[in-house]
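Let's walk through a structure together, one residue at a time. Have your viewer ready and follow along.

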Amino acid sequence: MGFLTDHPHTSITDTIDRVVSARDYTLEVDLGTLVGLIRDNRNEYQYTTNQEEAGRALRKKLKYGNKIQQSRSLDLMDLFISQGLKFTVLYNDDKLIDRIEGIALGNVSDSRGNKYSSKIITKCANYVLGWYSYIRSTGLESSRCYASLNVVGEKVKRHYSHRRRADERSNFMDDGADESIYATSAANPDQMYRIPQLDMKKAAPSIRLVISDGLASAIALQNALMVLPSNQRSVDDEEATAKFIQARALRRKVLRYLQLVTEGEFLGSLIHANDELVSALTSYDEKSGVSEDTDGSSGDYDYSEDENQDSDEEESLDDRSLSSVQPSTSSNPFGDHNRI
């Protein structure tokens, strides 16, 4: 065994390699054998070493393996956690956790420099969120055993929550008018031709209220943005986001009245309210930081990628999805530079 290049290779590695490489093996059936091998704890050092070897074998399959091996390695990791197996060393293997986090966030490539498939990313993210939910719901967030999994779960949850909020706040300038505001003058013959008309006498109180609420909402949103710390994005602030949603809804009402009011005392006030709302909404958008992510630096995964490569392997994946430290050195025999 070469110093610094070889690594302990036992039946643990052989078993993991076998069960994750083909669908002929049922992970649940082989779980007992694999757990027995890991728990062959004649002493604490051996038990630690066995977990390190298992973590390394899983990590290598995720990095160097094909799509089947990547998928089943995630399934095996999930099986360990869902069965309540407390493998503290395995769950806190820094390189394994970094690999899982990178896959879930879509910002790492495999050993060949290829992006992970969208199915692998989705499966990994769902598993991580499932582990996080399990840890939090069972009160294990303070357990040293699940420390790294809990941290990764928080990161993945925050990442996808941010993406969802980013989708919700995008393209506000394309908002249409609020169609719940109708022209109500039934006596007007233009209605049969769907020409929008408004009874200004009846609508005046509602228009005044929308103008007032719109201006107040714009000011409230601007104030919420002014007190944000310089390093905090608007989409990550609950109060600012709530005021953005409110301002956006009011702007749609203003737009509707602008369709119906073509002259008179309210026209200028409606235009002014719309301008103020647009200014506030734009400020929120500029402070969201989302535009900075579009250059690819954030690692947001492009799910429109061409997945024709290795299509046979992709079709054979098990698509089930459920809804995760100690620094290593280059001298670590379990280091990531040692391939299986």
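Leaving aside its neighbours within four places in sequence, Glu-101 is in contact with Val-152 and Lys-155. Keep in mind as you look at this pair of partners that the model is a predicted one. Glu-101 itself sits in helix H6, which covers residues 94-105. Its relative accessible area is 17%, and because buried means under 20%, Glu-101 counts as buried.

Now move to helix H3, residues 44-64, where you will find Asn-50. Is this residue buried or exposed? With a relative accessible area of 4%, Asn-50 is buried. If you set aside residues up to four places away in sequence, Asn-50 touches Ile-12, Leu-37, Ile-38 and Asp-40. For Leu-37, there is a polar detail to look at as well: a polar atom of the Asn-50 side chain lies 3.3 Å from the backbone oxygen of Leu-37.

Our last stop is Arg-251, in helix H10, which spans residues 238-260. Arg-251 has a relative accessibility of 6%, so it is classed as buried. Which residues surround it, once neighbours within four places in sequence are left aside? Arg-251 is in contact with Phe-172, Met-173 and Asp-175, and also with Asn-274, Leu-277, Val-278 and Leu-281.

How values were computed: Residues numbered from 1 in each chain as written. Predicted model: local features only at pLDDT ≥ 70, side-chain atom pairs only at ≥ 80, totals over all residues. Heavy atoms only, no water. Helix = DSSP H or I, 4+ residues; strand = E, 2+ residues; numbered from the N terminus. Buried < 20%, exposed > 50% of the residue type's maximum accessible area, 1.4 Å probe, protein only. Contact = heavy atoms within 4.5 Å. Polar contact = N/O pair within 3.5 Å; in protein donor to acceptor, adjacent residues only side chain to side chain.
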